[in-house]
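Hello,

Here is the structure we talked about. Please look it over, then read the notes below.

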Amino acid sequence: MPLVKFNVPQSLADDRVAGLRDAVHEALVATANVPEDDLFHVVHRLDPSSLVLNPSFPGLERSPEAVIVEITFRMGRTETQKQALYRDIARLAQARAAIRPEDVMVVLFENTSLDWSFGSGIAHYALAPVPV
């Protein structure tokens, strides 16, 4: 189960945010063994003073429409899967949301099966482990 947080400029139109969400989910399903119905997204719309991104680190040219995508999921993806995920997100964000690849920063956070409760006070994956 990935939990995906989208940190986007307030000015980014709703349809483009929806396109970005679709792009990230499609990439997760295609590259990271995420089931199609495993969809948990949080969108943070931030004003310019709350979304501060260096416009040129590390040698990229970011626009004011740059976004940060944070993905938390269980450990187990390979380096190859992660690299493919980054590429697919950048490519699909451009195709689905007209967001330039240089404007899509992705940060992954990994944890264990014991770190997930879907509700009811139960660590669901710890009870019935599911492969990543």
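**Strands, helices and a pocket**

β1 and β2 pair in the parallel sense, over six bridges. Two strands count as paired if DSSP finds at least two bridges between them. Helices (H or I, at least four residues) and strands (E, at least two) are DSSP runs, numbered from the N terminus. Within this pair, Phe6 has Val43 of β2 as its bridge partner.

This is a predicted model, where local features need pLDDT of at least 70, side-chain atom pairs count only at pLDDT 80 or more, and totals for chains, interfaces and linings use all residues. Residues are numbered from 1 along each chain as its sequence is written, and side-chain values use heavy atoms, with hydrogens and water left out.

**The sheet**

Four strands form an open sheet in the order β2-β1-β3-β4, with mixed pairing. β2 (41-46) and β4 (104-111) are the edge strands, each pairing on one side only. On average, neighbouring strands are turned by 15 degrees against each other, direction ignored. Axes here are lines fitted to C-alpha atoms, for helices over the stretch in contact, and angles run from 0 to 180 degrees between N-to-C directions.

β3 (residues 67-74) and β4 run parallel, joined by eight bridges. Glu70 stands opposite Val107 in β4.

**The helices**

Helix α1 (residues 14-31) packs on the sheet and touches β1 (3-9), β2 and β3. Contact means heavy atoms within 4.5 Å. The direction of α1 makes about 150 degrees with that of β1. Helix α2 (residues 79-97) lies across β3 and β4, at about 145 degrees to β4.

β1, α1 and β2 make a right-handed β-α-β unit. Right-handed means that, with the strands pointing away from the viewer, the path from the first strand over the helix to the second runs clockwise.

**Loops**

Which peptide bond is cis? The bond from Phe57 to Pro58 is, with omega near -15 degrees. Pro58 sits in the loop between β2 and β3. Asn33 is not a glycine, yet has a positive phi of about 60 degrees. That residue, Asn33, is in the loop between α1 and β2. Most residues other than glycine have a negative phi, and most peptide bonds are trans.

**The pocket**

The largest pocket is lined by 13 residues, with Pro9, Pro48, Leu51, Ser63 and Pro64 nearest its centre. A pocket is an open set of points on a 1 Å grid over the protein atoms alone, where a 1.4 Å probe fits, with protein on both sides within 12 Å along at least five of seven lines; lining residues have an atom within 4 Å of a point.

Best wishes
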